[in-house]
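Please keep the structure open while reading.

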Amino acid sequence: MKIIERLEYLNQLINVKDIPDIKVITGVRKSGKSKLMYMFHTYLNDKNNNVIHIKLNLKEFSELKNSDELYKYVSKKYNANMNNYLLIDEIQMCSDFENVINSFYEEEKYDIYLTGSNAFLLSSDLATLFGGRVFEVKVYPFSFKEYVIYYGMNDIDDSFDKYFKEGGMSGSYLYRNESDALKYVESIVKTTIVRDIVEKYKIKNEDLLKLIYEFLMDNVGNQTSIRNIANKLSSSTYKTNDKTCGAYIDYLCKSFLFYPIQRYDVKGNKYLESDKKYYLSDLSFRRAILGNRFSDRGHLYENIVAIELLRRGYEVYVGKLYQKEIDFVAIKNGKRTYIQVSDDITRDETFEREINPLLSINDSYPKMIIVRTKNEESDYKGIQVKDIARWLLEDNI
């Protein structure tokens, strides 16, 4: 498989090298966590470093699935005259792994890096597992920029159309026909559901869980009330409630299949708890599960923009201004950017609908519309109008 350097993630690891935290690489299954660990290992390979890299999913390391054996092995590999880096892939395959990792941490002899199954290394569980001494590196599927680099493409617009269809799960790029690629992506969803959710949380009603994730996939970009979901999914076959639906949605988010985006009152400068939006970590999951079911293309573009903003390190919210909605309020280093996303603003009524909420905001922070124009950036009353493909290729927002 062709490998490209994912420098943004590699630099995150380099920037926290030798800082006394346990570094944990998280993200949806098959998003490249182990490949990132390999690149970091390559970076560390010099005469002053002792790199102990253990891949517990390989037979070579099968004896180390016992925590006592793992401890003995790592201790023997320690070199007091060098900088010692401990890299472990699939740490959950070691029994009692949290205790042995905490022991290594307390010894202060190793700089520790881990990857593992989302069922065992969920973001919300890390502080409990490792006593809060964790730095999380969040890995996402391929961005459009990485997709272009991978394929060496020159035509921006043709490249974006292909990325929109194929998505960012790079493992699917190896397959020669579309149906096989979709089967691969579908298998990621099903493995995530079974191993990271059903088995971990002992879900008894897997059919209901399936209905919920299909509903969320079908409604990306729509404000979602958990109570409304429960009402829609309840039938003569399934009886559910908002508590169960809320728990199942939380599990789907913890497995990194979906990302919840909270609402933000622009005028009141406060966060709102009700009716979040949920975006898929990659649109290929939707296509693999639902096929080519119709959806508002603007909402699918929203999904791409939401994940890109998260990838770039922004806090992302859905903006509310009186009765109007701003698709995204992106916050970084205390500065906001207001963003509307659309598939087409050539009609006057559509343009007015998208531009008016931004014109109603009375502050000096940047405002933009991200849309499929296939043209270079333009400006309307201080509001930037950017083509989505070209925006995705920018280094900054």
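Two helices, α2 (33–44) and α8 (178–201), each supply at least two residues of the lining of the largest pocket; helices here are DSSP runs of H or I with at least four residues, numbered from the N terminus. This is a predicted model, in which local features need pLDDT of at least 70 and side-chain atom pairs count only at pLDDT 80 or more, while totals for chains, interfaces and linings use all residues. Residues are numbered from 1 along each chain as its sequence is written, and side-chain values use heavy atoms, with hydrogens and water left out.

The contribution of α8 is the greatest, at six residues. The pocket has 36 lining residues in total, and Lys30, Gly32, Lys33, Ser34 and Lys35 are the ones nearest its centre. Its space comes to about 980 Å³. A pocket is an open set of points on a 1 Å grid over the protein atoms alone, with protein on both sides within 12 Å along at least five of seven lines; a cavity is a set where a 1.4 Å probe fits but cannot get out, and lining residues have an atom within 4 Å of a point. Grid points are joined across faces, edges and corners, and a volume is the space filled by probe spheres set on the points. By type, the pocket lining consists of 12 nonpolar, 13 polar and 11 charged residues (Ala, Val, Leu, Ile, Met, Phe, Trp, Tyr, Cys and Pro count as nonpolar, Asp, Glu, Lys and Arg as charged, and the others, Gly among them, as polar).

The largest cavity has a volume of about 140 Å³. It is lined by 14 residues, with Tyr163, Ser281, Asp282, Leu283 and Ile304 closest to its centre. Helices α7 (156–166) and α13 (297–311) each give two or more residues to this lining, and α13 has the largest share, five residues. Eight residues of the cavity lining are nonpolar, three polar and three charged.

The helix contact remains. Helices α3 (residues 67–77) and α4 (residues 97–107) pack at about 30 degrees, with axes 10 Å apart. That angle makes α3 roughly parallel to α4, a term for angles under 35 degrees. Ser67, Leu70, Tyr71 and Val74 of α3 meet Val100, Ser103, Phe104 and Glu107 of α4, where contact means heavy atoms within 4.5 Å. Five of these contact residues are nonpolar, two polar and one charged.

Definitions and conventions. Axes fitted to C-alpha atoms, helices over the stretch in contact; angles between N-to-C directions. Parallel < 35°, antiparallel > 145°, perpendicular 65-115°, else oblique.
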